[in-house]
Amino acid sequence: MPELTIQNIELISKEIARHEITFSHLSDELIDHVCCDIEEEMQSGLTFSDAFNKVFFKIGPDRFSQIQKDTLYAVDLKYRNMRNLMKFSGITGTILFGTAALFKIQHWPLSGILMTIGGIILAFLFLPSSLSVLWKETHSRKKIFLFVSGFIAGAFLITGALFKAQHWPGAGVLLTTSFLSCIFMFIPALLQNLLQDTEKTRFRAVFITAFIGAVLYILGFLFKIQHWPYATILILLGTVIIGFIAIPWYTRLEWNDSSSVHPEFIFLLVACLIIIVPGILITLNYQNSNQKEGTSSPQPLKQDYKNIYEIK
């Protein structure tokens, strides 16, 4: 039976480490299992390179991380509790927040209470537990800034939306802080993380294009909240770049490289639509309301004053 060299084992170890396997005992078990599979493939006449590619292709890119999640869930009680809390608080907070938004639109009672409870659950239970779970699964110092910046932007966005809906003071400051932290912290960190992924090199131009569109889109909302000019133009530009350039471009690349449609791809498209469509509707609503305010109270004409004086 063919035996692997030290260099072969080191190469296998580096490939498994690239999938961010932080559980040491699990890493050793995976290395041993992969080495056995590669030796079996080499026994059938394949070279190490061909056996290496065949085994890792059969395992798949996400299988190692899923194995680690399942292992941590089975042996780590704190991780299991945090993950359950993340799921429960995320579902509960989203349902309460969405129901409160519906009640608010219909002017039904209890909308304020539901929105307050949902916002508190999302901001103070879901986001911290998500941050803890992500750190436990990766232990990546390279991604710690991404996680923390996402937590900050999300916390300020949820509380700012709550304050805005409840007409409490400080809503503008909270939302502005959320948008600025998203533009200057979270989105650049996310882009850097995506560009460093060697498996997604063909998507780099798409990621940069989507980054530009996202920044313009978020800036437009910031300008809209602050009543600064060019807000509508920024939102429309961001929408066009994301909706008509980045998404079709990404779809074409994903379609060419995949034999089937992955659930993540569907979720990505739905998430983009959920973000883009309300943005357009809000922009049009603001624009129509401003036009009505500008034409609702016409000024009396000078000729009318002349007629009044002539009658007297």
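Okay, before anything else, one term: when I say two residues touch or are in contact, I mean they have heavy atoms within 4.5 Å. Also keep in mind that what you see here is a predicted model.

With that in hand, let's start at Ile38. Leaving out residues up to four places away in sequence, Ile38 touches Leu4, Ile12, Phe48, Ala51, Phe52 and Val55. Ile38 also belongs to the largest nonpolar core, which has 17 residues. Along with Ile12, Ile16 and Val34, Ile38 is among those with the most contacts inside that core. Which elements give two or more residues to this core? They are helix H1, at 6-17, helix H2, at 24-43, and helix H3, at 48-59. H2 supplies the largest share, with seven residues. Apart from that core lies another one, of 15 residues, and Leu175, Phe179, Ile218 and Leu222 are among them. As background, nonpolar side chains in soluble globular proteins tend to be buried together.

Let's zoom out for a second. The chain has 12 helices and zero strands. Of its 312 residues, 35% are buried. If you take the contacts with a separation of 6 or more, 61% of them are between residues 24 or more positions apart. The accessible surface comes to about 19,700 Å², and carbon and sulfur atoms account for 66% of that.

Now, the rings. How many aromatic pairs does a search of the whole structure find? Nine. One of them joins Phe103 and Trp108, with 5.2 Å centre to centre and 85 degrees between the planes, so the pair counts as edge-to-face, the cut-off being over 60. Is Trp108 buried, exposed or partly exposed? Its relative accessible area is 41%, so Trp108 is partly exposed. Then there's a cluster, in which ring pairs link Phe48, Phe52, Phe56 and Phe64.

Last stop, Gln166. You'll find Gln166 in helix H7, which covers residues 144-166. Why does Gln166 count as buried? Because its relative accessibility is 18%, and buried means under 20%. Again leaving out residues up to four places away in sequence, Gln166 touches Lys104, Gly112 and Thr116.

Key:
Residues numbered from 1 in each chain as written. Predicted model: local features only at pLDDT ≥ 70, side-chain atom pairs only at ≥ 80, totals over all residues. Heavy atoms only, no water. Core = buried A, V, L, I, M, F, W, Y, C linked by side-chain atoms within 4.5 Å. Buried < 20%, exposed > 50% of the residue type's maximum accessible area, 1.4 Å probe, protein only. Helix = DSSP H or I, 4+ residues; strand = E, 2+ residues; numbered from the N terminus. Phe/Tyr/Trp six-rings, centres within 6.5 Å; stacked < 30°, edge-to-face > 60°. Areas by Shrake-Rupley, 256 points an atom, 1.4 Å probe, with all protein chains shown as cover.
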